[in-house]
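Here's a quick briefing to read alongside the model. Have the sequence and the coordinates open while you go through it.

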Amino acid sequence: MSQQIQQELDVDQFTLGLVGPDQEWAGTVADGGTVRTHTPAGCWGPMITPSFRGGHEVTRPIRVENAEVGDALVVRIKDVSVTSIATSTGSMAERDEAFGDDPFIDHRCPECGTEWPDTVVEGTGEDAIRCAECGANASSFGFEYGYTVVFDEDRTIGLTVGPEGANQLAENADENMALPENSRQHPILLYKPDEIPGTLGHLAPFIGNIGTTPAVELPDSHNAGDFGQFLIGADHDWGITDESELEARTDGHMDSNDVRPGATLICPVRVDGGGLYVGDLHANQGDGELSLHTTDVSGTTELEVEVIKDVEMDGPLLLPNESDLPDIAKPYTDDERETANALAAQYGVDTVSDAMPLQIIGSGATVNEATDNAFDRAGSLFDMTEGEVRARCTFTGGVEIARLPGVVQLSMLVPTEILEDVGLASVVREQYGL
Amino acid sequence: MELTVHGPLRGVTGSKTVSIATDDHEESVHSVLERFVEQYPRANQQLFDDDGTLRASVRVLVDGERADPETECRPTAAITLIPAAQGG
């Protein structure tokens with residue numbers, strides 16, 4: 001079934017919080033085909049559901065025709081739509097005894113010790129998730145400071161509610177969260193937090209976790225240079241001994257609010273077939289995701305995929321909407337080129353290099369280390385010294401925070417002849433109509 | 001004593017490896033962490049809760065081996081410190 005190549009592939013199966021080469025395929029989409037997904041909410045639902053091995057509930061990996069290790073997978077984001085009616089979020093508090101080393105990964109019932117216990121819902125509130133074996137509260141998370149948001153019918157705004165509204169939404173939590181049929185998480189609306197009621201927010205949905213399957217198995221939430229740090233020294237099955245092992249990551253969990261309709265991602269292929277996966281949609285979020293969590297929602301995506309052969313990439317690239325680029329990283333106008341040619345003639349410059357925008361994703365323990373990682377990735381991809389990368393990014397780009405503590409987008413106007421050499425010029429031209 | 005720190009703790013220390021002053025006798029992991037926080041007060045929230053209890057997901061390795069707060073460390077021990085898990 002999964003080997004049948006489909007021009008349009010609908011995906012409705014999800015993992016239990018893991019990404020990696022051993023996950024069952026969702027199906028195979030044609031090179032140039034379209035993927036449609038309806039994913040359950042990310043962080044909070046899986047976090048409070050002890051059967052999960054990671055902090056998200058992403059799709060099974062999608063095989064893409066022609067994708068082989070060493071290629072690049074282009075993912076054009078055509079649509080992202082929120083299906084949840086409401087959600088709850090905020091900052092987290094871990095619950096002692098409900099996990100081994102990592103509250104996102106190695107869950108265990110604090111009473112009977114069952115690992116990754118099956119659970120049932122009894123009532124609402126932070127003690128509603130009960131071990132099916134012994135009845136104890138088995139969730140590894142509560143809220144340190146939480147709030148519940150309800151959306152308008154068109155999903156243009158969100159309004160935080162007080163205790164009455166939060167209680168009302170918790171009573172039909174599954175339905176209000178719009179969890180897809182095959183989802184296995186408990187809805188976070190059950191917790192019914194009610195801080196900052198009456199706060200109105202603008203919605204701007206995007207995809208928090210999207211990328212290609214890494215060559216090693218990782219908890220989906222930890223597939224990033226910052227979150228992956230918590231795997232170091234852990235005794236569970238996904239623990240690593242040294243952070244150099246994080247080079248196997250594909251940085252799918254980037255939480256960039258620019259990964260929205262109209263943007264294009266270019267992802268490194270680390271397993272044959274690519275293994276595109278999608279999840280952790282957010283209804284909105286400011287740069288940095290300052291609570292470390294935001295409005296996790298169920299939602300649909302429509303993605304067009306294309307394989308570019310033989311592109312040596314160490315991490316993902318992003319071509320955001322032009323309006324999301326820093327001003328000085330936007331494509332040149334004809335007037336600017338004409339003015340530059342006049343200056344070139346006056347000052348003896350032989351050629352004005354044409355260039356096009358591109359963002360390199362970097363991740364690491366801190367923003368500084370993430371930026372260093374982006375410098376390294378840019379230098380490797382474009383065969384530039386760090387000095388040249390820094391110079392070009394200073395003069396024609398910049399660095400933006402996707403997520404704290406350590407995911408960044410490094411913008412640069414990259415000389416077109418370099419993009420031609422590495423095989424990326426056509427996808428950038430198409431993105432910006434150049 | 002040399003400490004290797006991981007995760008967002010490096011935003012506090014500014015480097016991956018830091019040194020803290022030690023006496024010439026063994027001391028517990030908990031004591032080492034307290035003195036680390038004295039040296040880097042902004043690390044407190046990543047290691048201890050409001051009651052001063054070590055957060056459950058904080059991990060400490062002494063010479064590469066998992067250690068409890070009560071584990072005794074030699075003055076020359078190499079300490080690896082992973083703060084409480086955070087993120088979403």
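Gly274(A) sits in strand E15 of chain A, and at 0% relative accessibility it is buried (buried means under 20% relative accessible area, exposed over 50% and partly exposed in between, with a 1.4 Å probe and protein chains only). This is a predicted model, where local features need pLDDT of at least 70, side-chain atom pairs count only at pLDDT 80 or more, and totals for chains, interfaces and linings use all residues. As for bookkeeping, residues are numbered from 1 along each chain as its sequence is written, chains are lettered from A and ligands numbered from 1 in the order in which they are written, and side-chain values use heavy atoms, with hydrogens and water left out.

**Strand E15**
- Leaving aside residues up to four places away in sequence, Gly274(A) touches Ile62(A), Ala67(A), Thr212(A), Thr213(A) and Val269(A) (a contact means heavy atoms within 4.5 Å).
- Asp280(A) has phi near 55 degrees, a positive value in a residue other than glycine.
- Is Asp280(A) buried or exposed? Asp280(A) is buried, at a relative accessible area of 0%.

**Chain A overall**
- Chain A comes to eight helices and 21 strands (DSSP runs numbered from the N terminus: H or I of at least four residues for helices, E of at least two for strands).
- The radius of gyration is 22 Å, close to the 22 Å that the globule rule gives for 434 residues, so chain A is as compact as a globular protein of that length (the radius is taken over C-alpha atoms, and the rule is 2.2 Å times the number of residues to the power 0.38).
- Along the principal axes, the C-alpha trace of chain A spans about 80 × 45 × 40 Å.
- Buried residues account for 60% of the 434 in chain A.
- Taking contacts in chain A between residues at least 6 apart in sequence, 78% join residues at least 24 apart.
- Chain A exposes about 16500 Å², and carbon and sulfur atoms supply 44% of that (Shrake-Rupley areas with a 1.4 Å probe; for residues, only the protein chains shown count as cover).
- On charge, chain A carries 23 positive and 78 negative side chains, and the centres of the two sets lie 2 Å apart (Lys and Arg count as positive, Asp and Glu as negative, with His and the chain ends not counted; places are NZ of Lys, CZ of Arg, CG of Asp or CD of Glu).

**Cores in chain A**
- Which residues touch the most other members of the largest nonpolar core? In this core of 38 residues they are Trp44(A), Met47(A), Ile48(A), Phe104(A), Phe141(A), Ile188(A) and Leu231(A) (a nonpolar core is a set of buried Ala, Val, Leu, Ile, Met, Phe, Trp, Tyr and Cys residues joined through side-chain atoms within 4.5 Å).
- Elements giving two or more residues to this core include helix H1 (44-47), strand E6 (86-94) and strand E9 (141-151).
- Another core, of 36 residues, lies apart from it, with Val64(A), Tyr147(A), Ile210(A) and Cys267(A) among its members.

**Loops in chain A**
- Ile85(A) is in the loop between strand E5 (72-82) and E6, and is partly exposed at 33% relative accessible area.
- The C-alpha atoms of Ile85(A) and Met177(A) are separated by 6.1 Å, although the two are 92 residues apart along the chain.
- Lys192(A) has a positive phi, near 40 degrees, and belongs to the loop between H3 and strand E11 (200-202).
- Lys192(A) is partly exposed, with a relative accessible area of 26%.
- A cis peptide bond runs from Leu404(A) to Pro405(A), with omega near 10 degrees.
- Pro405(A) is in the loop between strand E20 (398-403) and strand E21 (407-415).

**Chain B**
- Chain B has three helices and seven strands, in the order β-α-β-β-α-α-β-β-β-β from the N terminus.
- Buried residues make up 49% of its 88 residues.
- Chain B has 8 positive and 15 negative side chains, with the centres of the two sets 11 Å apart.
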